[in-house]
Amino acid sequence: MDKTAAVNQYIMEEVQDSHEWVLPFIKVHLPDFLSVHGVMLILCASILLLLFGVLYRKKDVVPHGLTNLLEVFVLFVRDQISIACLGDKDGRKMTPLFCSFFFFILGLNLMGLIPIFRAATGNVNVTAALALITLGFMIFGSIYKNGFIGFVKAFVPHGVPWPLLFLLTPIEFIGMFIKAFALTIRLFANMLAGHIVIFALLGLVVIFGWAALPAMALAMGVYFLELFIAFLQAYIFTLLSAMFIGQMVHPEH
Amino acid sequence: MYSFYGTAISLGLNMAVGVVVFTLAGYWLDQKRGGGKAWTLCGIFLGLFYGAYEVWKVVRQLSKKAGRKDEEGRPAA
């Protein structure tokens, strides 16, 4: 097999889900019901449980250390995302959901940057499941808050001549699903593309040898960019989820 | 203010995904009805219309904000 094909195959193996987890010196064969990305999800959830269930000391009057670090993010999600998009009362009520979104996605994104782990958010099934939760809250949150009639009314745009409503109302309805779909694609594509770029740049060294050594520096740069994107995408997913849910729950805003 | 960033971030991909979703739906309908291009074309145009509609909504939201003045008479951000 020539080098290009080998690099290509390696990249595809790294970014795709499989039942074989390659660790240094050993290959772990996972059972049928569990894939590598599944393991990542479980690991990330366990880490979050450990962080917030055990290490996060809620009772401290003045938080310090790890609690302080985590509280910065929790407060940011509560004040700048949840309350900003949903208002004070609903915002406080929905903060746990958005904090879960933020920390879960952030954890998965950051785990994808550690060599032995894989990025589960680079799997479209994972992001689709997350976006489905948002879609569920958009639909059932709106029905719960405004009733079924209020839910239907949210799709009727204001300030349009009435004949256009026959066209715009169905489009608004489909738009709700398109928004959730775009949410899926945004996170998935960003994470997948970032990882492929890093592997492709490293692959240049394999293909061209010493001549491609500067590509290592570029890969390093992209790695740090990915570190930033891990935070940015977690933020964007949470912000857009909050915004979409807010638009459905308070349609007049 | 943050929700405005959200609108700006989501607009681009929403337009693209809208075109893709409507086009694929049209293509699926064409396949189901045994070939042809009519529904695919309808899907493309509906997708483009959806994109334009999304932009129109953002522009309307922005012009509403621009029309509003704060206490000192400046246009509200």
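This is a predicted model: local features need pLDDT of at least 70, side-chain atom pairs count only at pLDDT 80 or more; totals for chains, interfaces and linings use all residues.
**Helices, a hairpin and an interface**

Visitor: How far apart are the end C-alpha atoms of helix α5 of chain A?

Guide: The helix covers residues 124–153, which is 30 residues. A straight helix would reach 44 Å at 1.5 Å a residue. The end C-alpha atoms of α5(A) fall short of that, at only 32 Å.

Visitor: Which helices do the buried residues of α5(A) pack against?

Guide: The buried residues of α5(A) include Val126(A), Leu130(A), Met138(A) and Phe151(A). Buried here requires 20 or more other C-beta atoms within 10 Å. Their packing partners, in chain A, are α2 (36–55), α4 (88–111), α6 (162–208) and α7 (214–249).

Visitor: At which residue does α3(A) bend?

Guide: The bend in α3(A) is about 30°. Buried residues of this helix include Val77(A) and Ile81(A). The helix is followed by Gly87(A), with a positive phi near 85°. The bend itself is at Arg78(A).

Visitor: Which residue in the turn between β1(A) and β2(A) has a positive phi?

Guide: Strands β1 (residues 20–23) and β2 (residues 26–29) of chain A pair in the antiparallel sense, over four bridges. They form a hairpin with two residues between them. In that turn, a phi of about 75° belongs to Phe25(A).

Visitor: What is the bridge partner of Val22(A) in β2(A)?

Guide: β1(A) and β2(A) are paired in the antiparallel sense. Within β2(A), the partner of Val22(A) is Lys27(A).

Visitor: Which element gives the largest share of the side of chain B that touches chain A?

Guide: Twelve residues of chain B are in contact with 17 residues of chain A. Two elements of chain B give two or more residues to that side: α1 (2–32) and α2 (38–67). The largest share, ten residues, comes from α1(B).

Visitor: How many charged residues has the side of chain B that touches chain A?

Guide: By class, seven residues on that side are nonpolar and five are polar. The charged count is no residues.

Visitor: What ipTM does the model score?

Guide: Chain B has a mean pLDDT of 83, and 83% of its residues reach 70 or more. The pTM of the model is 0.89. Its ipTM is 0.81.

Key:
Residues are numbered from 1 along each chain as its sequence is written. Chains are lettered from A and ligands numbered from 1 in the order in which they are written. Two strands pair if DSSP finds at least two bridges between them. The bend at a residue is the angle between axes fitted to the seven residues ending there and the seven starting there. A residue is buried if 20 or more other C-beta atoms lie within 10 Å of its own, exposed if 12 or fewer, and partly exposed in between; C-beta atoms are placed from the backbone. The expected span of a helix is 1.5 Å times one less than its number of residues. Two residues are in contact if their C-beta atoms, placed from the backbone, lie within 7 Å. pLDDT is the predictor's confidence in each residue, from 0 to 100. Ala, Val, Leu, Ile, Met, Phe, Trp, Tyr, Cys and Pro count as nonpolar, Asp, Glu, Lys and Arg as charged, and the others, Gly among them, as polar.
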